[in-house]
Amino acid sequence: MTTDTVTLTGLRAVYGSGSRRVTALDGVTTSFASGTFTAVMGPSGSGKSTLLHCAAGLDRPVAGTVTVDGIRLGDLGEDELTRLRRDRIGFVFQAFNLISSLTAAQNVELPLRLAGRRPADRDVTAGLAAVGLADRAGHRPSELSGGEQQRVAIARALVTRPAVVFADEPTGALDSAASRQVLRLLRALVDEHGQTVVMVTHDPAAAAYADRVLLLSDGRLADELTGPFTAASVAARIADAIPEPSC
Ligand SMILES: Nc1ncnc2c1ncn2[C@@H]1O[C@H](COP(=O)(O)OP(=O)(O)OP(=O)(O)O)[C@@H](O)[C@H]1O
C-alpha cells in the first residue's frame, strides 16, 4: 500500500507587507508518496523554494497544513520543529553547505552529534560508501570536487535515516557529469532504499530522473506530469503549461 510521507494542503506563503507584499504560494495542495521521486519545476519566482522550505519546516506558511511522517508541522513549537527537522527530514542545498573546517566524515556525522547521539564509525563509513566516497572520509570540502561535496551533503542528509529528503537545485552548481552522478544517486536511493525524495530543479534533464514532475506558476500548481519521461518531453510539457512571458 502506498502511503504519503508528506502532504501539503491549501498552502499559502506570503513575504513582506503593504506594497512589498508577495504571495509566494497561493493555495498549493499535493502530496509526496513514500518511496517516490518528485521534481518541482516552474519559472523563477514561481514559489519552488518556498514550497520546499515550507514542506521541510524551514518556513512557516500563513495558511494551510504540512504533514510529514504523520506529524502536522503547524502543531509543533519551535523546539519540536527543530527536532523533527533534524531527525526526520534531510535537506540538500545547491551550495552544498558543508562545514569547511570539518572532514567529510565529520560533516556526515554532524546531524547525529547535534541530536546528542554518538555516531557509530561504521554508520558514517557506510554513509560515505553509499555515495561512493569511502576513500575520502578524511578530506575537507576544499579537497573535494563539487560533485563529491554534494555527495557528502547527501550522505549527511541521510545519516539520520530521514522520512524524506528535500533537495533545492542539488545539481545547480555542478557540471553535467557530476550532475548525472548526483541524480543517479538520488534515483538509487528511491529505487533501492524506498527513500522519498523531492527536488527543485530548473533542468528538464534532471527532472527526467523523477517519477513525477510538479509545475508551479505564480505560486499555484499549474500542471502535474507522471513518468516515464525524457528531458525533451518534460521541456515540451513545460512550454505548453507555462508559456514564456513575451518581452
Ligand atoms: N525572503 C523573502 N522576502 C521577500 N520575498 C521573497 C522572499 N523569498 C522569496 N520571495 C519572493 O517569493 C516569490 C517566490 O520565491 P521562490 O524563491 O520560492 O521562487 P522560486 O520558484 O524558487 O525561484 P527561483 O527559481 O528564482 O529560485 C518570489 O516572488 C520571490 O521574490
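1. An open sheet is formed by four strands in the order E2-E1-E4-E5, with antiparallel pairing. Its edge strands are E2 (22–33) and E5 (71–72), each of which pairs on one side only. Strands here are DSSP runs (E, at least two residues) and helices likewise (H or I, at least four residues), numbered from the N terminus; two strands pair if DSSP finds at least two bridges between them.

2. The model is predicted: local features need pLDDT of at least 70 and side-chain atom pairs count only at pLDDT 80 or more, while totals for chains, interfaces and linings use all residues. Residue numbers start from 1 along each chain as its sequence is written.

3. Strand E1 (residues 4–15) and strand E4 (residues 63–68) run antiparallel and are joined by five bridges. Within this pair, Val6 stands opposite Val68 in E4.

4. An unreviewed UniProt entry lists residues 6–243 as "domain: ABC transporter"; such annotations may be inferred rather than shown by experiment. Over residues 6–243 the chain is 36% helix and 26% strand, and the end C-alpha atoms lie 29 Å apart.

5. The residues around the ligand include Tyr15, Val22, Ala24, Lys48, Ser49 and Thr50; a residue counts if its C-beta atom, placed from the backbone, lies within 6 Å of the molecule. Both E2 and helix H1 (48–55) supply at least two residues of this shell, and H1 gives the most, with three.

6. By class, the shell around the ligand has eight polar, three nonpolar and one charged residues. In this scheme Ala, Val, Leu, Ile, Met, Phe, Trp, Tyr, Cys and Pro are nonpolar, Asp, Glu, Lys and Arg are charged, and the others, Gly among them, are polar.
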